[in-house]
Amino acid sequence: MRAIHHTDRTVLNHPAHAVWNALVDELNGRTTWWHPHNTHRPGSTGPQQTGGTTTTTVHPAGVGKPGPKLRFTSTTTQVVPDAELTQSHTGHFQGTTTYRLTPQDNGARTLLTITFATDPHGLAKFFHKLTNLTTKHTTATQHALSNLRRHLDNQK
């Protein structure tokens, strides 16, 4: 089992294709609902395609604030549009993240499940020894999901 392994879930009042588009936009750096904790920069092939990459910078103190930053590059290993995206990571975090979208209520709503299974390396490993990165990651992810909900609601 990975040192950091947890699953976050939320039900969004939007169809899977809207949630998928918002996720892909975020991983391509076109939106910022994962702020203030993470920023994303796509590689030459976007993360919505198998083999595509995203470099994520984790800003523990928040974007634009002083302090260390943790980076990892994710390569997409599985894509099912509007349903699932799995990425493997290298860098400060090595492991996988899976985003799974499950339609609810005849497609009117979507259960978004994010599973993060990784081992911290380098500076992240040092931080993990000092603090519970699983709890910090869950808190940041819940904040991002709240931002995602607002982002989607503003698109209506």
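The legends below describe close-up views of a predicted model.

**View A. The largest nonpolar core of the model has 19 residues.** Trp 33, Tyr 99, Leu 112 and Leu 148 have the most contacts inside this core. At least two core residues come from each of α1 (16-27), β6 (93-104), β7 (109-120) and α3 (133-155). The largest contribution, seven residues, is from α1.

**View B. Surroundings of Leu 112, one of the residues with the most contacts inside the largest core.** Not counting residues up to four places away in sequence, Leu 112 touches Asp 8, Arg 9, Thr 10, Leu 12 and Val 19, and also Arg 100, Leu 101, Leu 145 and Leu 148.

**View C. Packing of α1 against α3.** The two helix axes come within 11 Å and cross at roughly 115°. The crossing of α1 past α3 is right-handed. On the α1 side the contact is made by Ala 18, Val 19 and Ala 22, which meet Leu 148, His 151 and Leu 152 of α3. Sorted by class, this contact has five nonpolar residues, one polar residue and no charged residues.

**View D. His 40 in strand β2 (residues 38-42).** The relative accessible area of His 40 is 13%, and this residue counts as buried because the value is under 20%. A polar contact of 3.0 Å joins the side chains of His 40 and Thr 56. Leaving aside neighbours within four places in sequence, His 40 is in contact with Glu 26, Leu 27, Gly 29, Trp 34, Thr 54, Thr 55 and Thr 56.

Conventions
Residues numbered from 1 in each chain as written. Predicted model: local features only at pLDDT ≥ 70, side-chain atom pairs only at ≥ 80, totals over all residues. Heavy atoms only, no water. Core = buried A, V, L, I, M, F, W, Y, C linked by side-chain atoms within 4.5 Å. Buried < 20%, exposed > 50% of the residue type's maximum accessible area, 1.4 Å probe, protein only. Helix = DSSP H or I, 4+ residues; strand = E, 2+ residues; numbered from the N terminus. Contact = heavy atoms within 4.5 Å. Polar contact = N/O pair within 3.5 Å; in protein donor to acceptor, adjacent residues only side chain to side chain. Axes fitted to C-alpha atoms, helices over the stretch in contact; angles between N-to-C directions. Left-handed = near helix turned anticlockwise from the far one by under 90°. Nonpolar A, V, L, I, M, F, W, Y, C, P; charged D, E, K, R; others polar.
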